[in-house]
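Biologist: I am new to this structure and would like to go through it with you. Could you show it to me before we begin?
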Amino acid sequence: IQEPQLQGQDVGMQCEDDRTGIGVETLKRAFLDNLFYVQGKFPALATKHDYYMALAYTVRDRLLQRWVNTAAIYTQEGSRTVAYLSAEFLMGPHLGNNLINLGIYNQVQQAMTELKLDLKELLAKEEEPGLGNGGLGRLAACYLDSLASLEIPTLGYGIRYEFGIFDQIIRNGWQVEKTDKWLRYGNPWEIARPEWAVSVKFGGRTEAHKNAQGRYQVRWVPHKVVLGIPYDTPILGYKVNTANTLRLWKAEAPESFDFEAFNRGNYYGAVDQKVTSENLTKVLYPNDETYEGKQLRLEQQYFFVSCALQDMLRIMLRQKLPLEQFHEKFAVQLNDTHPAIAVAELMRLLLDEHEMDWEPAWEITQKTFGYTNHTLLPEALEKWSLKLFSSLLPRHLEIIYEINWRFLEQVRHKFGTDEGRIGRLSLIDENDGKFVRMAHLACVGSHRINGVAELHSELLKKTTLLDFYEFFPEKFTNVTNGVTPRRWIVLSNPKLANLITSCIGDSWIKHLEDVQQIETFAQDPGFQKEWQQIKRENKVNVASILLDRTGVKVDPDSLFDIQVKRIHQYKRQHLNILHAITLYNQIKQNPNLDITPRTLIFAGKAAPGYYIAKLIIKLIDSVADVVNKDPDIGDRLKVVFLPDYNVKNSQPIYPAADLSEQISTAGKEASGTGNMKFAMNGALTIGTLDGANIEIRNAVGAENFFLFGLTTEDVGALRLTGYRPWEYYEANPQLKQAIDQIASGYFSHGDRRLFKPLVDLLLDKDPFMLMADYQPYIDCQQQVSQTYRDRDRWLQMSILNTARMGKFSSDRAIREYCQQIWKVKPVPVQLAAAKTGDG
Ligand code: GL7
């Protein structure tokens, strides 16, 4: 089928009508129209969900105008485009964000009020697409927002998991996982594009054949073929006309019904292929920073990467661009190693399907890719056994061998035959079985390699990727992470946003450095009072959420001390709990103790197979149970675990924090992004010198940050000299008491077995050095309590934190990617220009 060429004059609207207008009356009329014609309801029968859908479609109409115009301009201009490849996109609810970016939040709120509806209630109806685990997936979402806001042509490519990250409920203190059926009631934000489906091959074998010119080529004869169907979601930038595309792929069987099997009388067999094909994109693997060597996971990775690259080739052909210009048309970023197979897949497409020679194909490939590393944890380094790899991707293994052979030749050329070095650099791990090392493939196949915070990028060069750094130092760079102020301030904390805007105007929303201007108000009593009032209202809001979801009543005037993130030993939620137990014991020993009242709030999911992480949740819940019920304690200490942490539930949390817990073992947290969301919203940080904490502290000033604990060097040195955790335990009566209570069943109704694995781990190996950091942490928390009592001082520190967080906008991060890695420029979209075709 010949695809019609898009003409500028064919798209766009001439006047404000019900699909584009943003006046309150127009919005009301359009909303009721969508309720009737899309949901098939009139107000008397409509549910809250119907209203949500009607509003979502009303907003989508307004996005579509911009989306179609954006596509038209990119097509006309053949714009250089960023392709962000990520196995995870943790987008969060779309409606509120789109209202902000369209600049119609207030009008829509008024329209709903006039229709006797509550916008907040409708926003709450949206089921968020939880297509990611944590920081890495959320970073991808923040980057899409910034890319669109900066008018950079972008395609986000990923997987349309039918079930995203599980819903968490807490039963008797234990995490229980529930399937996330986010598509159950339909998804108004996506549009399926079956006309752009592609085929993806798996398994089978390769064979040589002669092409038309009589040249030998390789042909891949697969064992099975799966169809990839793209589903597109518009990603609108903030107050610009740019609406980029998030393109997620769903797997389907090429022929959903096997008539031969049916005719043989095998009804179930007839739909079998459909079922197995669709399993491919059924569910997101819920592991955070540990890879599972599962075949289905490798299938998912290859599936979406192949879909994405074939899609890019289709776009090039349609724009009549020669394939030799692939790297000029597309800058492809690999979000960790999950899409690293792209290096071999692009080679295969260029060599086998487009009959290019090796050298030009390899040059194009290397110029195309950039690789971002997101973790140093060894258990996260993806490697696939040769057996699995060759059975699934036989042609790719041949290509990887060839890449490896040529690469190691260059290594020999540069360093001579240093077999140790060659073994360490090889794409194939032969130490204990044979594996393909995906990080090595990504490094060799990319022109830039970056870490996600200064410390992390330095450690990459010194440890995990040292040999690669020595071989091509020029590839290495750093881009410190950032988060979008649109979702994480304007949408999450509207009162604070209004206060800031009323003082300095609203330029800060696009240029977060401008928020610095509020520094002049840091000591202004009137401004301080408003600042404090807003924080209190945000805390009252979270207090009511906690009461509603957990039944625990907390005092909004207590210090809200919050740790929300995935549950992981290296993040040390259990260190935080040791502090809770210590405070509890101090009050018990001295019932009249005048301490700063605190509310400790925890939230986060544990990987379903990560036993110790689940036990940490159980411990938090058990300590909470004892502390919250003890009449001696009263309002001086409360501990709460808020279930089902996700983007939606997190949005009220950051604005309500007084204290942000960023207490990972130094050298383990690559960057962190929650640390940024808290500080932007005026929380003070208690933290170690890890990840982006270091840069946050430098930005806000050491005097406005509570620092404690071992440095990365200390951790290394202590390990070398022999770390003996039990010595800290023996020497510290408070620590000993806390550990003994956990061990003796004080928090578990006398059950001594329950927490034994955790206690044994802490006293024996303590791999994350809680014992060494315990006393410095407790001392630092004491300082926090003291400082909190000096309201003016605290408020000033809080204001300065927000004021100095400009650097941590994802806009800054994206500008750096554009300059250092992608070499791509903005392409502004004018609606009028696209309409008349004269732009
Ligand atoms: C992570 C890091 O752990 C986290 O520190 C970082 O902020 C994030 C985004 O760069 O990436 N790496 C990783 O595998 N996950 C992360 O959150 C899951």
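Biologist: How many bridges join β16 to strand β17?
Modeller: 2 bridges join β16 to β17 (residues 435–437), and the two strands run antiparallel. Strands are DSSP runs of E, at least two residues long, numbered from the N terminus, and two strands pair if DSSP finds at least two bridges between them. Please note that this is a predicted model, where local features need pLDDT of at least 70 and side-chain atom pairs pLDDT 80 or more, while totals for chains, interfaces and linings use all residues. Residues are numbered from 1 along each chain as its sequence is written, and side-chain values use heavy atoms, without hydrogens and water.

Biologist: Which residue is the bridge partner of I428 in β17?
Modeller: I428 has V436 as its bridge partner.

Biologist: In what order do the strands of that sheet come?
Modeller: The order is β15-β17-β16, an open sheet of 3 strands with antiparallel pairing. β15 (383–385) and β16 (428–429) are at the edges with a single partner strand each, so one side of each has no neighbour in the sheet.

Biologist: Which strands are at the edges of the sheet with 6 strands?
Modeller: That open sheet has the order β22-β21-β20-β23-β24-β25 and parallel pairing. Its edge strands, β22 (637–641) and β25 (706–707), pair on one side only.

Biologist: And what stands opposite D561 in β23?
Modeller: Opposite D561 is L659. Strands β20 (residues 559–564) and β23 (residues 659–662) pair in the parallel sense over 2 bridges.

Biologist: Turning to the ligand, which residues come nearest?
Modeller: Of the 13 residues around the ligand (a heavy atom within 4 Å), the nearest are E289, H374, N481, E669 and G672.

Definitions and conventions: Helices (H or I, at least four residues) and strands (E, at least two) are DSSP runs, numbered from the N terminus.
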